[in-house]
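Here is a colleague's note to read beside the model. Please keep the sequence and the 3D view open while going through the points.

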Amino acid sequence: MGSSGGGDGFEVTKFGHGRVALIGFPSVGKSTLLTMLTGTHSEAASYEFTTLTCIPGIVHYNDTKIQLLDLPGIIEGASEGKGRGRQVIAVAKSSDLVLMVLDASKSEGHRQILTRELEAVGLRLNKRPPQIYFKRKKTGGISFNTTVPLTHIDEKLCYQILHEYKIHNAEVLFREDATVDDLIDVIEGNRKYIKCVYVYNKIDVVGIDDVDNLARQPNSLVISCNLKLNLDRLLARMWEEMGLVRVYTKPQGQQPDFTDPVVLSTDRGGCTVEDFCNHIHRSLLKDVKYVLVWGTSARHYPQHCGLGHGLNDEDVVQIVKKKEKEEGGRGRFKSHTNAPDRISDRVKKAPLKT
């Protein structure tokens with residue numbers, strides 16, 4: 001009996017310098033927003049679940065390419081697999097930023113439901129990893145230390161949680177006043193911390209007071225796809241949250257090339273000179289003597305920098321390589337010989353004719 005064919009693929013190949021996922025309930029305007037921002041046509045209609053698979057589009061912004069993913073709507077119970085919810089959330093996990101599209105005319109409860117669904121599968125929105133050092137050991141029991149007073153958890157409770165996970169030898173160090181949930185997240189170790197912007201669409205159908213209240217909430221933005229309101233601010237906010245850094249290259253003795261920047265980000269590799277060199281070519285790193293940097297990260301122009309120097313947006317970098325050894329040596333005398341090291345390997349000269 002032949003094996004059955006594979007199902008429809010849901011994951012989309014990563015492309016561009018960053019990835020943004022559109023998540024939200026059905027019929028809140030995700031497909032319309034994708035069509036507005038990228039020009040990629042995504043089917044939009046007045047019934048729910050028009051979009052059934054993942055539709056990618058590319059936003060060209062500030063000389064960079066940002067991949068925007070239109071995902072099917074999420075419903076309550078998606079974390080258990082309702083409405084292909086697990087696959088939708090898995091794609092969101094691989095993105096650099098989540099845009100949670102909400103309907104401004106609907107109830108505020110939608111935001112809580114979506115956040116709860118994403119948290120149930122290990123996504124933490126707008127949070128940073130807790131400052132807890134945790135390491136499993138072979139022997140030695142549990143070592144519990146703290147550098148700050150703890151109000152939510154004590155040593156006994158920490159021991160009980162570790163015993164629940166069948167961990168009897170470990171080192172735990174709290175560097176902040178963390179909660180029980182934070183400790184569990186660190187022990188599980190599979191949580192993903194992602195930035196999220198709450199985008200309220202359809203503001204043209206609610207009153208100005210409601211729009212004002214929504215716009216003042218943290219990490220929130222109000223737009224209208226119908227009237228094309230505030231879309232430029234949405235792109236600027238996406239750029240700000242993703243923290244992309246454009247670095248321009250300058251060949252020695254020539255003008256900088258401002259047409260094609262090298263795009264770095266803290267989430268994808270880092271923003272130091274070393275990351276910049278690796279981005280161009282892996283073998284470049286061992287040939288670097290020093291780099292010259294112009295821009296906001298330099299104290300004076302140009303600044304001689306090492307590999308650990310952090311780069312800012314729109315910096316110009318010139319790499320100075322180490323000089324290769326000349327073949328002929330210096331002056332009259334060769335600095336190195338081409339003869340073999342061992343005498344026995346040397347070619348014997350022909351005996352003199354007498």
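The points below cover helix contacts, aromatic rings and some backbone angles in a predicted model.

1. Start with the two helices α1 and α7. Helix α1 covers residues 30–38 and helix α7 covers residues 231–242. Their axes come within 11 Å and cross at roughly 85°. Angles from 65 to 115 degrees count as roughly perpendicular, so α1 is roughly perpendicular to α7.

2. Which residues make the contact between α1 and α7? From α1 they are L33, M36 and L37, and from α7 they are L231, L234 and L235. By type, the residues of this contact are six nonpolar, no polar and no charged.

3. With neighbours within four places in sequence set aside, T35 is in contact with T40, H41 and S42. The C-alpha atoms of T35 and C225 are separated by 9.6 Å, while the two residues are 190 residues apart along the chain.

4. Next is helix α5, residues 180–188, where L183, D185 and I187 are buried. What covers these buried residues of α5? The cover includes the strands β5 (123–125), β6 (132–136), β8 (170–174) and β9 (192–201), and the helix α4 (155–164). Just after α5 comes G189, with a positive phi of about 70°.

5. V186 is another residue of α5. Apart from residues up to four places away in sequence, V186 touches P130, I132 and F134. From V186 to P130 the C-alpha distance is 7.5 Å, and the two are 56 residues apart in sequence.

6. The structure holds three aromatic pairs. One of them joins F144 and F174, whose ring centres are 5.6 Å apart and whose planes lie at 50°, so this pair is tilted. F144 sits in strand β7 (residues 142–146) and F174 in strand β8, so the pair ties together parts that are 30 residues apart in sequence. F144 is buried, with a relative accessible area of 14%, and F174 is buried too, at 0%.

7. A charged side chain also lies over a ring. R111 is placed over the face of Y198, at 3.7 Å from the ring centre.

8. The last points concern the backbone. Most residues other than glycine have a negative phi, and most peptide bonds are trans. N62 has a positive phi, near 50°. N62 is in the loop between β2 (55–61) and β3 (64–70), and counts as partly exposed at 30% relative accessibility.

9. K202 is not a glycine and has a positive phi of about 60°. Where does K202 lie? K202 is in the loop between β9 and α6 (208–215). With a relative accessible area of 28%, K202 is partly exposed.

10. Finally, look at the peptide bond from Y301 to P302, which is cis, with omega near -20°. P302 has its place in the loop between β13 (288–294) and β14 (303–305).

Terms used
Residues are numbered from 1 along each chain as its sequence is written. This is a predicted model: local features need pLDDT of at least 70, side-chain atom pairs count only at pLDDT 80 or more; totals for chains, interfaces and linings use all residues. Side-chain values use heavy atoms; hydrogens and water are left out. Axes are lines fitted to C-alpha atoms, for helices over the stretch in contact, and angles run from 0 to 180 degrees between N-to-C directions. Helices (H or I, at least four residues) and strands (E, at least two) are DSSP runs, numbered from the N terminus. Angles under 35 degrees count as roughly parallel, over 145 as roughly antiparallel, 65 to 115 as roughly perpendicular and the rest as oblique. Contact means heavy atoms within 4.5 Å. Ala, Val, Leu, Ile, Met, Phe, Trp, Tyr, Cys and Pro count as nonpolar, Asp, Glu, Lys and Arg as charged, and the others, Gly among them, as polar. Buried means under 20% relative accessible area, exposed over 50%, partly exposed in between (1.4 Å probe, protein chains only). Rings of Phe, Tyr and Trp (its six-membered ring) pair if their centres lie within 6.5 Å; planes under 30 degrees apart count as stacked, over 60 as edge-to-face and the rest as tilted. A charge sits over a ring if NZ of Lys or CZ of Arg is within 6 Å of the ring centre and within 35 degrees of the ring normal.
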